[in-house]
Amino acid sequence: MTPRTGLALPDTGPLQVLDRCRERVEPALRAAVESLHPWPRRMASFALGWCEADGTPAAGGGKGVRQALAVLGGQAVGAPEEAVVAGAVAVELVHTFSLVHDDVMDGDERRRHRDSVWKAFGTGPAVLVGDALFALAVETLAQAEGAHGAAAVRCLSGVLRDLLHGQADDLLFESRPWAGPQAVRVAEYEAMVAGKTGSLLAGALALGPVLAGASPRRVDALTEAGRHLGAAFQAVDDVLGVWGDPEITGKPVHGDLRRGKKTLPVLAALAGAGPAARSLEALLGSGVPLDAAAARHAAGLVEEAGGRDAAEAAARRHAAAARRCLVGGAFAPEAVGELVALSEFLLDRRL
């Protein structure tokens, strides 16, 4: 996708940006994790992709999107190195905590092409390491250099409040029907995503600037950009949860449909008035778990009813809103260019 902002994008590619930000943050992230008790330390290292379950070193890990956003958000306001790194470390720890606990709550056995933490170590240990990562994130900000550590902890507290609010709604959605007055509406889903996904990306862009004492106006603009990016990324994830290639995503094809998960493409399809929407409603509301053939049929109905197009349009709309927040603010042009390039790359990803 070609950006429509008129902004001159950097020569450095998005993958190089992710690598550069990871190299900048990882030493401090490893030092923070090293301070944990040896048992949760190994589980945390496994969750971060640094080792296998038995402690053997590994060279995996996620893309590091949130820590990259934290680095670039700090650069956008000229934050000092210590503020940039501390914010990025805290964000990555909270993100990893949320993934570990999400997998427990959702019963997901796979994460990044291998066992999830609870599958590898057990449910109790997974809860323990999630708690440890959460506490370590707060400690990282509380001990950050400068006069704004307390403000950063307050910022993180708001992120966590919104994240947990969104997670609570997401879990409650699972027990609500597919049709009728109690059915989940698209607007409710979008509000849930603003908390569960948008809050952490908002915090990623804002924490470095908060630690650096940036003005509320600049922090608010970055926060708003992060919320829009979160909504865009979640919409893309929802599309991949139905139609993504399992060889690339590491998750089974049509996995979200087979789990009965209420995602944007499905809810948007059900909101339609055509025959495909009504057939989908009958199929999902039958109470019979979907086998592979039924899930494939459901995916076709979602697409026919316009659910996939609606989700992809929502992703583009939120990404454009995020770009407007960034380009319209008084931020360092190079950092904004890299943020825009990164958002374009992630919006168009097929991972």
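Which residues touch the most other members of the largest nonpolar core? In this predicted model, local features need pLDDT of at least 70 and side-chain atom pairs count only at pLDDT 80 or more, while totals for chains, interfaces and linings use all residues. Residues are numbered from 1 along each chain as its sequence is written, and side-chain values use heavy atoms, with hydrogens and water left out.

A nonpolar core is a set of buried (under 20% relative accessible area, 1.4 Å probe, protein chains only) Ala, Val, Leu, Ile, Met, Phe, Trp, Tyr and Cys residues joined through side-chain atoms within 4.5 Å. In the largest such core, of 113 residues, the members touching the most others are Leu-69, Leu-93, Val-94, Val-117, Val-266, Leu-280 and Leu-290. Helix H9 (residues 216-243) contributes the most to this core, with 14 residues; helices (H or I, at least four residues) and strands (E, at least two) are DSSP runs numbered from the N terminus. Beyond its neighbours within four places in sequence, Leu-290 is in contact (heavy atoms within 4.5 Å) with Leu-257, Arg-258, Leu-283, Leu-284, Ala-295 and Ala-298.

Most residues other than glycine have a negative phi. Arg-112, however, has a positive phi of about 55 degrees, and His-113 has one of about 70 degrees. Arg-112 lies in the loop between strand E1 (110-111) and strand E2 (114-115), and His-113 is likewise found in the loop between E1 and E2.

Methods: Buried means under 20% relative accessible area, exposed over 50%, partly exposed in between (1.4 Å probe, protein chains only).
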